[in-house]
There are 2 protein chains.
Amino acid sequence: VRLALEEAGAAYIDVARLPAGEGGGYDAIRTALDGKLGGLRPLAPPVLVAGELVIAQTAAILHFLGQRHGLAGTTEADAWGALQLQLTIADLTSEAHDTHHPTSPALHYEEQKNEAQLRAKAFRELRIGKYLGYLERVLEANTASAGRHLIGAGLTYVDLSAQHVVAGLSYAFPNATSRVLADTPRLAALCEAIAARPRVAAYLASPRRVPFSDGIFRMYPELDPTG
Amino acid sequence: VRLALEEAGAAYIDVARLPAGEGGGYDAIRTALDGKLGGLRPLAPPVLVAGELVIAQTAAILHFLGQRHGLAGTTEADAWGALQLQLTIADLTSEAHDTHHPTSPALHYEEQKNEAQLRAKAFRELRIGKYLGYLERVLEANTASAGRHLIGAGLTYVDLSAQHVVAGLSYAFPNATSRVLADTPRLAALCEAIAARPRVAAYLASPRRVPFSDGIFRMYPELDPTG
């Protein structure tokens, strides 16, 4: 979500990272989750407040931002295709999370390490390649952009999401991901091109960027053996 | 998806259930997954073909059908709220699937039974109540329909999806789900009301309905102990 806002040059306030004294932090998140912002109550972050609208769920937020900021393609088919790809990337993201929490979100990783070994093995050997290979084929088939974008001729929010998920996978599973990227050159090139876009590069180098650490993508070396 | 098409009274062909001799079955699914229907290639079923549009991912299909058939509310906020709730129901559905496949989609349930016990326990004790309790609070807050619909004053595709996921949970986890539903009376009443709608009831009693059995929602008694 932050990538889309930054690429669009949209003015936004990242409430979760704002100090509590300025109306941010935990209390602000609690206010949103308690449904006190108006509109439909969210179950979990992220939550976007845009004027009267309050929208939760990453894919819904991105689809809204994509349409508002010209990042959802130019045709109706583009817009539905973008949502379809975003949901597929969301599936991949969810599976990446479950590698370190395969049995219960209420238990620590250390309490489910053995199960995590099994899940991570299947994820490395089957799922990363399946999803990234799929994105590669989508790029290959997209003659409108000569394989440089996932949807249509230009940039969409899905290109940003692809860069984000590949960056997350490269953080959490550097060995397995680099092996897959060697076979998905278009996707690797897309991710490099996205990261080099001026606004994205400025964001990634800024303190506004939230580093990967203990969220969805986590680096446990035992879950990503070499070779 | 079938529920939305049936409630809308839309004419549709369920290609996967059509005999191969009439252009259906496995080969038809393969054709769709190979991207030979035009448009964006899907990664997995379901896939909707509507005129020139080819859309995959359940939530995207439902959002499209909802807007086309007047099942996405009446305001912009309704439409975004419907997508948000659909994605939350999709998260619940995905977690229900992972109770019987917690480590690898490529292995049989019998090969991950021990891990399934752990995942199902957390799902029964924490997740069913969390999600259905959330839907109950959304109903409670929706004064526009006096708590009878999730979004706005009338029926939306999300009401149909709520009925579907609760039916699936009641099939796979009858004991745990009935305990939760005792505390979510509005949601229980919504599900009964949906199942009693003439078109839905006719569909549920017809051979067009795909029974729960070996898909996302599966009934393994050892994953849903009594008491």
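**Entry 1. Helix 3 of chain B**

I looked up what covers the buried residues of helix 3 of chain B in this predicted model. The cover includes helix 4 (76-100) of chain A. From chain B it includes helix 1 (2-8), strand 1 (47-50), strand 2 (53-56), helix 4 (76-100) and helix 6 (157-172). I took helices (H or I, at least four residues) and strands (E, at least two) as DSSP runs, numbered from the N terminus. I counted a residue as buried under 20% relative accessible area, as exposed over 50% and as partly exposed in between (1.4 Å probe, protein chains only).

The buried residues are B:Ala59, B:Ala60, B:Ile61, B:Leu62, B:His63, B:Phe64, B:Leu65 and B:Gly66. After this helix comes B:Gly70, with a positive phi near 70°.

I note the conventions here: residues are numbered from 1 along each chain as its sequence is written, and chains are lettered from A and ligands numbered from 1 in the order in which they are written. Local features need pLDDT of at least 70 and side-chain atom pairs 80 or more, while totals for chains, interfaces and linings use all residues; side-chain values use heavy atoms, without hydrogens and water.

**Entry 2. The interface of chain A and chain B**

I looked up the contact (heavy atoms within 4.5 Å). Chain A gives 43 residues to it and chain B gives 43 residues. The two chains bury about 3,700 Å² between them, 69% of it on carbon and sulfur atoms. This buried area is the accessible area (1.4 Å probe) that two parts lose on being put together, summed over both. A:Leu40, A:Leu43 and A:Trp80 supply 20% of the area that chain A buries against chain B, more than any other three residues.

I find 2 salt bridges between the chains, where a side-chain nitrogen of Lys or Arg must lie within 4 Å of a carboxyl oxygen of Asp or Glu. One salt bridge pairs B:Arg119 with A:Asp98, with the closest N and O atoms 3.4 Å apart.

**Entry 3. B:Asp98**

B:Asp98 lies in helix 4 of chain B, and I find B:Asp98 buried at 7% relative accessibility. Leaving out residues up to four places away in sequence, B:Asp98 touches A:Asp98, A:Arg119 and B:Arg119. The side chains of B:Asp98 and B:Arg119 meet in a salt bridge (3.8 Å, N to O). That pair links helix 4 to helix 5 (residues 113-141) of chain B, 21 residues apart. B:Arg119 is buried, as is B:Asp98.

I searched the whole structure and found 22 salt bridges over all chains. In chain A, A:Glu136 and A:Arg186 meet at 3.2 Å, N to O. A:Glu136 is in helix 5 and A:Arg186 in helix 8 (residues 185-196), so the pair ties together parts 50 residues apart in sequence. A:Glu136 is buried at 6% relative accessibility, whereas A:Arg186 is partly exposed at 34%.

In chain B, the side chains of B:Glu136 and B:Arg186 form a salt bridge of 3.2 Å, N to O. B:Glu136 belongs to helix 5 and B:Arg186 to helix 8 (residues 185-195) of chain B. B:Glu136 has a relative accessible area of 6% and is buried; B:Arg186, at 34%, is partly exposed.
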